[in-house]
Amino acid sequence: MAASTYPNYLIPGNKAIIRADPDGRYRVKIAAADIGTGAWTALSQIAADALNVAVEHIDLEIGDSALPVATIAGGSPGTASSGTAIIDAARQLRERLDSDHEGKVPAHGLEVTGDLARIADHAGPLPGAPYTERFSMHAFGAQFAEVRVRADSGEVRVPRLLGVFDVGRMINPKLGRSQLLGAMSWGISMALHEHSVLDSRFGHVINHDFASYHSATFADVGAVEVHWLDIEDRNANPIGSKGIGELGIVGTAAAIANAVFHATGLRIRDLPITLDKLL
């Protein structure tokens, strides 16, 4: 087994526009990117929750640099950072509707801009605030691996993986489970296969294609089981969520290495764990 931990980031500078139209629809605009992780769905759900409307009433626009700036889809800050900017826009919109329009959307509509940096004063803290000295801004987990090592050749197989994670509030269970499953499969690849070979004379990566750079395939991935503790963490951000994109990978390789040690008595500290290191 191995412990898992990954920093929980909020990236300053994220902004979002929400426009309310008289027909009951809300246009949410932010230059977030969906690289297959489900940002279209998750951000729509966050907007609907913040506006207290059905998700079918949200028209989300993302993936265009002409939209209000958002962080990259990498390092696990995307949902929290973009979602927090959306929450600030929703808060402003509700306040404007209540104070200026008696709770009704005017005939010409109403548009506001949310800013992640502003929400610290209203619905939660940001990195750098005093609370970061009291709490660890991380997501956590425990991961377990079962491995089989062929005695005569040193081949390693991973028939079973189990991960249990503290990811704060899970925005969408199907998307979250898929990300953690994918990350743990990626962790098998990190532990046993992936290795970039550098030509020190010229600085070139020699194995720069899938013919010579090995990554895990379906045959390498056995049973993968994922569980999480669905507990909101309001100290992390106003959504109560934590990033999960990287969390599933960081403990997997260590758990596999520990299982290899248990099976063979050999402590391998340099990944990937290849045949030559065991023979």
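This is a predicted model: local features need pLDDT of at least 70, side-chain atom pairs count only at pLDDT 80 or more; totals for chains, interfaces and linings use all residues.
Residues are numbered from 1 along each chain as its sequence is written, and side-chain values use heavy atoms, with hydrogens and water left out.

Reader: How many helices and strands are in the chain?
Author: Both kinds of element are DSSP runs, numbered from the N terminus: helices are H or I with at least four residues, strands are E with at least two. The C-alpha trace spans about 80 × 40 × 35 Å along its principal axes. The chain holds six helices and ten strands.

Reader: What share of the residues of the chain count as buried?
Author: Buried means under 20% relative accessible area, exposed over 50%, and partly exposed in between, with a 1.4 Å probe and protein chains only. The chain has 279 residues. The buried share is 44%.

Reader: What share of the contacts with a separation of 6 or more comes from residues 24 or more positions apart?
Author: A contact means heavy atoms within 4.5 Å. Among contacts in the chain with a separation of 6 or more, residues 24 or more positions apart account for 73%.

Reader: Which residue caps the N-terminal end of α3?
Author: A polar contact is a pair of N or O atoms within 3.5 Å; within protein, one must be able to donate a hydrogen and the other to accept it, and residues adjacent in sequence count only if both atoms are side-chain atoms. At this helix end, a side-chain oxygen lies 3.1 Å from the backbone nitrogen of Lys174. That oxygen belongs to Asn172.

Reader: Which elements do the buried residues of α3 pack against?
Author: The buried residues of α3 include Gly176, Leu180, Met184 and Ile188. Their partners are β6 (138–149), β7, β10 (223–229), α4 (247–250) and α5 (252–264).

Reader: How much space lies in the largest cavity?
Author: Rolling a probe the size of a water molecule over the atoms shows where empty space is left. On a 1 Å grid over the protein atoms alone, a cavity is a set of points where a 1.4 Å probe fits but cannot get out; a pocket is an open set with protein on both sides within 12 Å along at least five of seven lines; lining residues have an atom within 4 Å of a point. Grid points are joined across faces, edges and corners, and a volume is the space filled by probe spheres set on the points. The count is one cavity of 30 Å³ or more, and the largest holds about 30 Å³.

Reader: Which element gives the most to the lining of the largest cavity?
Author: The lining is Val156, Arg157, Val158, Ile188, Leu192, His193 and Asp220. Both β7 (156–166) and α3 (173–192) supply at least two residues. The most, three residues, come from β7.

Reader: What is the volume of the largest pocket?
Author: Its lining has 33 residues, with Thr37, Thr79, Gln179, Ile244 and Gly245 nearest the centre. Helix α2 (78–100) gives the most, with four residues. The volume is about 590 Å³.

Reader: Which residues lie closest to the centre of the second largest pocket?
Author: The second largest pocket has a volume of about 280 Å³. It is lined by 16 residues, and the closest to its centre are Leu192, His193, Ile273, Thr274 and Leu275.

Reader: Where is Pro272 found?
Author: A cis peptide bond joins Leu271 and Pro272, with omega about 0°. Pro272 is in the loop between α5 and α6 (275–278).

Reader: Is Asn52 buried or exposed?
Author: Asn52 has a positive phi of about 60° although it is not a glycine. Its place is the loop between α1 and β4 (58–61). Because its relative accessibility is 70%, Asn52 counts as exposed.

Reader: Which side chain joins that of Gln143 in a polar contact of 2.6 Å?
Author: Gln143 sits in strand β6 and is buried, at 1% relative accessible area. A polar atom of its side chain lies 2.9 Å from the backbone oxygen of Gly248. The side-chain partner at 2.6 Å is Thr252.
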